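Let's take a walk through this one together, starting with the overall build and ending with a single residue.

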Amino acid sequence: MALLRTEDLTVRFGALTAVDRVTLEIEPGTVHAIIGPNGAGKTTLFNAITGEVRPTSGRVFFLDRDITGLTVYQRAQLGIGRSFQRTNIFPNLTVFENVWLAAFARVRPSSLPRRVPRQRLAGVKDRVHEVLAEVGLTHRAHHRAAELSHGDQRLLEVAIALGLSPKLLMLDEPTAGLSPEETRRMMELIKQLAARYTILLIEHKIYLVMEVSQIISVMHFGRLIAQGPPEQIRTDPAVQEAYLGRR
Amino acid sequence: MVRLRPRLGPLTPWVLLGVALLVLPDLMRTTVATEVWIFAILALAFNLLLGYTGLLSFGQATFFGAGAYTAGLLLIHQRVHPLVALAAAALAGGLVAAVVGYLCIRRVGLYFIMLTFAFNLMAYFIVYQASSITGGVDGLPGVPRPPVNLYFVAWDIRPGVAYYLFVSLIFFLSALVLKRVVDSPLGLVFQAIRENEARAAALGYNTWAFKRLAFVSSGAFSGLAGALYGMLFGIVPIDTIYWVTSGNIVFMTLIGGTGSFFGPIIGAIFFIWLAETVSVRWERWPLIFGLVFVFVIFFFRGGFVEVWRRLRAVLPKSGRGVWPDYGPSKD
């Protein structure tokens, strides 16, 4: 059974069709990458999966449940956690608090006044330390998030998504704007995470994608033009055309 | 071990607050001092919205007025226990805020502000029209201040000083409760919404529900303050529900500082003192307030609290350098 499935998912903004009848299946336990030139509709596809954008038509299924009509927060509660392409953190809160909010959301996302048992709060705290250690931000725990370097903010961005302990981890260009050194760090992290999470990854750096993912889907002008394991994608003529232009 | 936040924060501000509660009646008339703490409750309740949740409500007088009229009517017609009047006022403030919040919360920014303002005007005209019940423009006179009957003792709060103590007590308890709220996990979720609402939703928080909760809590405390106000003057003037009062609450909170829990209290002290003391001698007192306000907004965006913070950064401290955080390391 696929963890996530989209059926003919289409998102139109006026005359522009950003996502065009995309049918996609994400198998549990895999790293599934979506690549494609700028403006191919990758992030819009992400947003339609997480609920930030309403699809014009088509459906989204998570664990065989139709989630097309659910809101962003309801989907997050089901176990879809994401990071954003443009850093999207809580700037005036500490790094610890940033991740804590994510871990806490798994325990008590409702606003109804209800006491959270002390034990579960301790569990939340443990989870935060675990995540911070994993991404290597423990020494920054009590800094304001806004004070971090861009590279550390990208790590925090991933850490917040991890704090949710999501069933599906969606990473939108985690290496955007990173130096080669930082990119290597992020790559190592994603490889580590691949053992424990189902990951849907948007990435521009092809060599990274080839290295970490089992399945690659290629988008071009909103459409899926190819899908398969890295070796197959490397030699696919349609993909080469999309990237290099018609010869 | 990492603690999220200390339970009630450092002790110093609480001690300062205690001192302020004790000395304020010596610095101004008892009535004015009492009014200060009533408005301090309002400012704290408003800052739960603006400072912590990031919601600029320009209609806090709606809830203040709802509480004042509810308590006033109950005290006049039913002669209820003062604590019952307070509870009813808080309930009324919360209920009205629930209705207004339900209709406003989904709008953001300027639209949210204007909607809260519009509902404030509506509430005002309802009270204005229903003059047979509310007294209309003349206000609702004859609000009594019955003794606070506890099982073993009846506390007469009619004398000014006794009522000051009563209000101080209610204020202090309100401040404790609100401080607990903002330092709790709930308070952190409020701040997350202020910082980045979209991301908070992506974590699974129903941000509308949390904003409504903040709105209702703020309304309840504002209603409570309204009851205390009516009992202070023995009348509920229609000004309690007039939009100018909403504006004043915004001003005093901003001038005190939205970035800290205690800042708005300083703003309330300053504003009420200016309004009640200076206005007697010079009727153009809002000019002073306006100038101070402009000065603060230009140079000290964090309000009075920021003046203090900057002073502390410049003043030498024993055992530390003048610039403790930026100086060269000693080793």
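## Chain B at a glance

A quick word on terms: helices here are DSSP runs of at least four residues, strands are runs of at least two, and both are numbered from the N terminus. Keep in mind that this is a predicted model. On that count, chain B comes to 14 helices and 4 strands. Its radius of gyration is 21 Å, close to the 20 Å that the globule rule gives for 331 residues, so chain B is as compact as a globular protein of that length.

Of the 331 residues in the chain, 46% count as buried. Look at contacts in chain B with a separation of 6 or more, and 75% of them come from residues 24 or more positions apart.

## Where chain B meets chain A

On the chain B side, 19 residues are in contact with 26 residues of chain A. Three helices of chain B each supply at least two residues to that side: helix 8 (185–195), helix 9 (197–202) and helix 10 (207–233). Which helix gives the most? That's helix 8 of chain B, with 6 residues. Sorted by class, the side of chain B that touches chain A has 13 nonpolar, 4 polar and 2 charged residues.

## Helix 8 against helix 10

Two packed helices are described by the angle between their axes and the distance between the axes. For helix 8 and helix 10 of chain B, the axes come within 10 Å and cross at roughly 115 degrees. Angles of 65 to 115 degrees count as roughly perpendicular, so that's the label for helix 8 and helix 10 of chain B. Their crossing is left-handed.

Who's doing the touching? Helix 8 of chain B brings B:V189, B:F190 and B:I193, while helix 10 of chain B brings B:T207, B:F210, B:K211 and B:A214. That set splits into 5 nonpolar, 1 polar and 1 charged.

## A closer look at A:L3

Over in chain A, A:L3 is found in the segment before strand 1 (4–13). Is A:L3 buried or exposed? The cut-off for buried is 20 or more other C-beta atoms within 10 Å, and A:L3 has 21 C-beta neighbours inside that distance, so it counts as buried.

Leaving aside neighbours within four places in sequence, A:L3 is in contact with A:I26, A:E27, A:P28, A:L63, A:K167, A:L168 and A:T198. A:D64 is 61 residues away from A:L3 in sequence, yet their C-alpha atoms are 7.4 Å apart in space.

Technical notes. Residues numbered from 1 in each chain as written. Chains lettered and ligands numbered in written order. Predicted model: local features only at pLDDT ≥ 70, side-chain atom pairs only at ≥ 80, totals over all residues. Rg over C-alpha atoms; globule rule 2.2 N^0.38 Å. Buried ≥ 20, exposed ≤ 12 C-beta atoms within 10 Å, placed from the backbone. Contact = placed C-beta atoms within 7 Å. Nonpolar A, V, L, I, M, F, W, Y, C, P; charged D, E, K, R; others polar. Axes fitted to C-alpha atoms, helices over the stretch in contact; angles between N-to-C directions. Parallel < 35°, antiparallel > 145°, perpendicular 65-115°, else oblique. Left-handed = near helix turned anticlockwise from the far one by under 90°.
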